[in-house]
Amino acid sequence: MKRILSLIIGSLCLTLCFAEQAMYNDLAYTIDAIQKTAEVAENKKVEGKLRLPDEIVVGQHTYRVTGIAENAFKGCKNLTEIVFPADLKYLSRNAFEGTGIWLNKENWKDGVLFIDSCLIATDKTIKPKYVVPESTRLIAAGAFQGNKVLTRVELPVTITRLDNDLFRDCKNLAKVVIPASVEWIGQDVFVGSGIWLNEKKWKKGALYIDGCLIAVNKDAAAKFVFKDKIPTRLLAAGAFKDAKQIKTLTIPNGVKTIPAACFHKCGALTEVTIPASVTRVEQFAFAECEQLKNATLPKELEYLGTGAFYMCRNLKQQVLSDQLKGIPTACFFLCSSLSNITLPKETEIISDGAFAGCSNLEDIQLPNTLQQIGEKAFAGCSRFRKVNIPGLVTIIKKAAYSDCAHLTDAVLPEGLYAIDDETFKNCISLERVSLPKSLYRIGKNAFANCQELYAILLPDNLRRIEDEAFMECKKLFEIQLPDNVSTLGSGAFSMCISLTKVQTTQKSHLKDIEAGTFYQCRQLKEIDIPDSVLVIGEDAFNGCKNLKRVGYPPRLQKIGPNAFRDCISLVTPLFAKDIEIGKNAFKGCK
């Protein structure tokens with residue numbers, strides 16, 4: 001089990017690092033399928049004047065462009081002008097370093113670089129007491145970072161966010177007034193600044209600015225109490241990160257957002273009381289709070305972020321708001337004590353790794369609104385016994401149900417187009433699978449090591465059975481290969497040691513028997529290879545000890561090395577001289 005979980009963890013890291021990407025008008029974007037938003041990703045070769053779209057269309061969906069990622073245009077020396085989307089929420093200073101806009105000194109006014117009314121960066125020529133103009137739409141993450149000239153900054157009421165690293169290492173910054181318009185404060189906004197370094201600003205292990213909790217000391221008391229003279233209205237991202245002593249916590253009523261990584265690695269935290277005012281729980285908010293048992297989410301929660309409860313190993317149950325449309329990536333990853341969860345009634349997406357490693361989770365009722373099941377969504381959910389996929393799902397993505405050790409039945413919907421690679425790999429108890437008529441493709445290792453799978457009806461529409469799709473299905477005893485199958489991947493039925501019969505017809509479209517397709521199928525006694533086959537690949541029937549009769553196709557051109565090696569019941573045939581026969585192709589035959 002430990003090995004399985006380590007594999008899930010390793011592969012999921014790739015998922016987290018490489019989110020869904022899309023191209024639109026030659027620019028790269030990162031897609032949030034649940035929120036229907038897009039972020040401008042890293043683009044290396046952009047030049048001239050650029051107008052970013054308000055929205056992009058990918059497939060059948062439209063996504064609002066709301067962010068610009070770090071390094072998005074970094075180093076694009078020929079980018080001279082840019083217009084931002086109307087609904088832009090955030091951007092990074094680093095996104096424009098080294099661009100033609102950045103390098104053009106005429107774009108810097110009094111030590112400040114503005115682009116399309118957004119404050120991007122500052123330098124040492126800025127005024128020590130700087131007043132941000134009221135016309136400013138946004139301030140980029142890290143815009144003032146490391147500026148040693150600043151002593152005071154006044155922010156306008158047009159600003160709603162203070163993004164990550166905004167005043168980091170501004171060592172002489174002694175005063176910032178946070179206006180009531182600010183609704184979100186990022187991570188490390190004041191770290192290393194004059195405010196942060198001033199010990200008098202810290203009260204009982206906490207740093208507050210204008211009713212906003214900026215940070216909590218790592219050694220804060222086990223029962224942390226919020227400041228009550230001025231009501232706490234905001235929590236900064238990462239505010240409680242690594243606070244290892246806190247055990248219980250009641251978040252003040254009126255707080256609307258639990259921001260990114262707010263309680264990340266609070267190792268002693270067992271219970272959090274979340275008020276009804278909270279509508280957003282953001283990325284990794286409670287990640288790696290391994291002792292957390294109770295964190296009841298509000299009924300009106302509107303947003304749940306990636307990895308919100310990542311590796312909360314003691315969390316036992318959760319009811320999700322019906323306002324949510326999806327479960328984000330790795331949201332409950334490795335919540336190994338989670339036994340019960342209620343999904344939103346109109347869930348459309350269960351994202352990559354959402355419940356991976358939830359080894360105590362009982363069967364989940366999937367709503368009929370569900371359209372997408374992501375990679376490794378339920379990998380390692382070893383208590384699952386039956387899966388019933390709703391009718392709107394057209395593709396079950398890679399390894400979605402891999403390593404579900406007690407899964408016995410899988411009912412798949414009509415309209416399903418593909419079972420992706422490793423979907424049911426290592427489901428060692430899987431006995432029955434109903435494949436729909438619409439199925440076109442069975443991916444690599446899709447049913448590999450499903451040791452109890454004894455029979456499966458392949459639909460007539462099926463075109464592709466990929467490499468090792470049914471490898472080590474040790475009880476599978478009979479296969480009827482549909483005529484439309486043109487690809488039968490290498491090792492597709494290898495080591496199916498109970499397979500006795502493979503039925504084909506002369507109407508088959510199959511072109512090749514690829515390498516190791518029936519390797520070590522010891523009980524296979526006879527097979528008629530379709531007339532359409534031109535090549536029998538290396539090791540195709542190697543070790544089929546009971547194979548007595550083979551109907552060879554008339555247009556056969558090649559038999560690969562070791563193709564029928566150790567088929568001790570098979571008589572070596574005589575072929576026309578123009579057939580290429582590989583080394584040891586019939587070694588060990590009669």
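1. Asp-26 lies in the loop between β1 (21–24) and β2 (27–32); helices (H or I, at least four residues) and strands (E, at least two) are DSSP runs, numbered from the N terminus. The phi angle of Asp-26 is near 70°, a positive value in a residue other than glycine. Asp-26 is exposed, at 73% relative accessible area; buried means under 20%, exposed over 50%, and partly exposed in between (1.4 Å probe, protein chains only).

2. Ser-117 sits in the loop between β9 (112–115) and β10 (118–122). Its phi is near 65°, again positive in a residue other than glycine. With a relative accessibility of 35%, Ser-117 counts as partly exposed.

3. On the basis of the note: this is a predicted model, in which local features need pLDDT of at least 70, side-chain atom pairs count only at pLDDT 80 or more, and totals for chains, interfaces and linings use all residues. Residues are numbered from 1 along each chain as its sequence is written, and side-chain values use heavy atoms, with hydrogens and water left out.

4. On confidence, pLDDT is the predictor's confidence in each residue, from 0 to 100. The protein chain averages 93, and 97% of the residues score at least 70. Over residues 1–18 pLDDT stays under 50, and the model has 25 contacts for them beyond four places in sequence; contact means heavy atoms within 4.5 Å.

5. Four strands form an open sheet in the order β38-β40-β42-β44, with parallel pairing. Its edge strands, β38 (478–480) and β44 (549–551), each pair on one side only. Two strands pair if DSSP finds at least two bridges between them. Strands β40 (residues 501–503) and β42 (residues 526–528) pair in the parallel sense over two bridges, and Val-502 stands opposite Ile-527 in β42.

6. The largest nonpolar core has 122 residues, of which Phe-355, Phe-447 and Phe-541 touch the most other members. Such a core is a set of buried Ala, Val, Leu, Ile, Met, Phe, Trp, Tyr and Cys residues joined through side-chain atoms within 4.5 Å.

7. Which residues is Phe-541 in contact with, leaving aside its neighbours within four places in sequence? They are Ile-513, Phe-518, Leu-524, Ile-527, Ile-529, Ile-536, Leu-547, Ala-563, Phe-564, Arg-565 and Cys-567.
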